[in-house]
Amino acid sequence: MAIGSGLGAQLGIAAETTYGTFVAPAKFIEFTKESLALKKTTAQSAGIAAGRLMALSSRRVVTRREVGGSIDLEVTNKGMGLLLQALMGTSVTPVQQGAGPAYLQTHTLASVAGKSLTIQKGVPLTTGTVTDKTFVGCKVTSAEFSCGMGEMLTSTFEVDGKDCDESQTLAAASYSNMAPFHFGQMALKTGTYSSETALDGIRKVSCKIERPQDVERYYANQSALKKEPIENDQVKITGNMETDYTGTALDDLHTSDGATSLVWEFVGPLIAATFYETFRITLPAIRLDEGPPTVDGFGVVKPTFNFTALYDGTNLPKIEYISTDATL
């Protein structure tokens, strides 16, 4: 029996072969909170009948079902591959680095067609019995990453799903020995693509990647369930950098509306040879929307620069992840 509170909860995930078709989870993620839930649309018959004062319970119908919510978690040195693939779209096979246990995943921006997850949630009753809520056809519609001074690197994944299936067997959770990336490992670099240099004065960075999709694909013959969402707008990548005003590099880019490549990375302990645990976001072209420095008192000037990532015409945004995960 599990503990009869959130301490006994679990989340398991698996990549689906066919949208909305259950795959038993084999990977379990450590999360800080989640809001995944079945959402249903109902309609109530309102026919008039002599003397009837209330609508009939038997004439309420469910006209559509869907899943929505989010997962908050720390970005760790293992186990992130399936979520990153569902976000970025590239079908990734980890590549061994050297002859040791380090494996590189390169998640380059691509279409998310066919990239869906089964997410199985275990929710404990107070008795310690863990109930199963299995969400199928889960598409990642956005993810936001954030890390500030003294903090861990955290993320929030927004999810749209097809249905909730409570008839599956709850998988037995197992976890790898993992550790979170954190501010002490953080670096931010800007400059010419592939030749970026470290930027001083960075206190906090956040980056949001949005994958707009048509999530309203409800048709006849679908039993009130949606078909796989289809991308219906360009990818949006935005973020901000909270700084101390130690130099004018970002300020000058804001003034000129010039483009720069941005690399935001976390480098952890050595895995083997020259390969370290790594989480790296590369945006080949960003432009600063706002954030010129202003003085609001006696303290150090602390401008926050907001940015939008754009396509440089050659290089696509990517997330690189080096871990000991030989598979996603």
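Reply: Strand 9 (residues 130-148) has 14 of its 19 residues buried, so this strand is largely enclosed by the rest of the structure; buried means under 20% relative accessible area, exposed over 50% and partly exposed in between, with a 1.4 Å probe and protein chains only. Strands here are DSSP runs of E with at least two residues, numbered from the N terminus. The model is a predicted one, in which local features need pLDDT of at least 70 and side-chain atom pairs count only at pLDDT 80 or more, whereas totals for chains, interfaces and linings use all residues. Residues are numbered from 1 along each chain as its sequence is written, and side-chain values use heavy atoms, with hydrogens and water left out.

Turning to the pairing, two strands count as paired if DSSP finds at least two bridges between them. Strand 8 (residues 117-124) runs antiparallel to strand 9 and is joined to it by 7 bridges, with Leu-117 having Cys-138 of strand 9 as its bridge partner. These two strands form a hairpin with 5 residues between them, where Gly-128 takes a positive phi near 100°.

Strand 10 (residues 154-161) is likewise antiparallel to strand 9, over 7 bridges, and here Val-140 stands opposite Val-159 of strand 10. A hairpin is formed by this pair as well, again with 5 residues between the strands, and Gly-150 in its turn has a positive phi of about 80°.

Strand 11 (residues 163-165) pairs with strand 9 in the antiparallel sense over 3 bridges, and Phe-135 has Cys-164 in strand 11 as its bridge partner. Strand 14 (residues 202-210) also runs antiparallel to strand 9, the two being joined by 7 bridges, with Phe-145 partnered by Cys-207 of strand 14.

The cysteines in these pairings deserve a separate word. A disulfide is a covalent bond between the sulfur atoms of two cysteines, and the criterion applied is a pair of cysteine sulfur atoms within 2.5 Å. The count under this rule comes to 0 disulfides. Cys-138 is accordingly in no disulfide, the nearest cysteine sulfur being that of Cys-164, 9.4 Å away. Cys-207 is in no disulfide either, since its nearest cysteine sulfur, that of Cys-147, is 13 Å away. Cys-138 is buried, with a relative accessible area of 1%, and Cys-207 also counts as buried, at 1% relative accessibility.

Notes
Helices (H or I, at least four residues) and strands (E, at least two) are DSSP runs, numbered from the N terminus.
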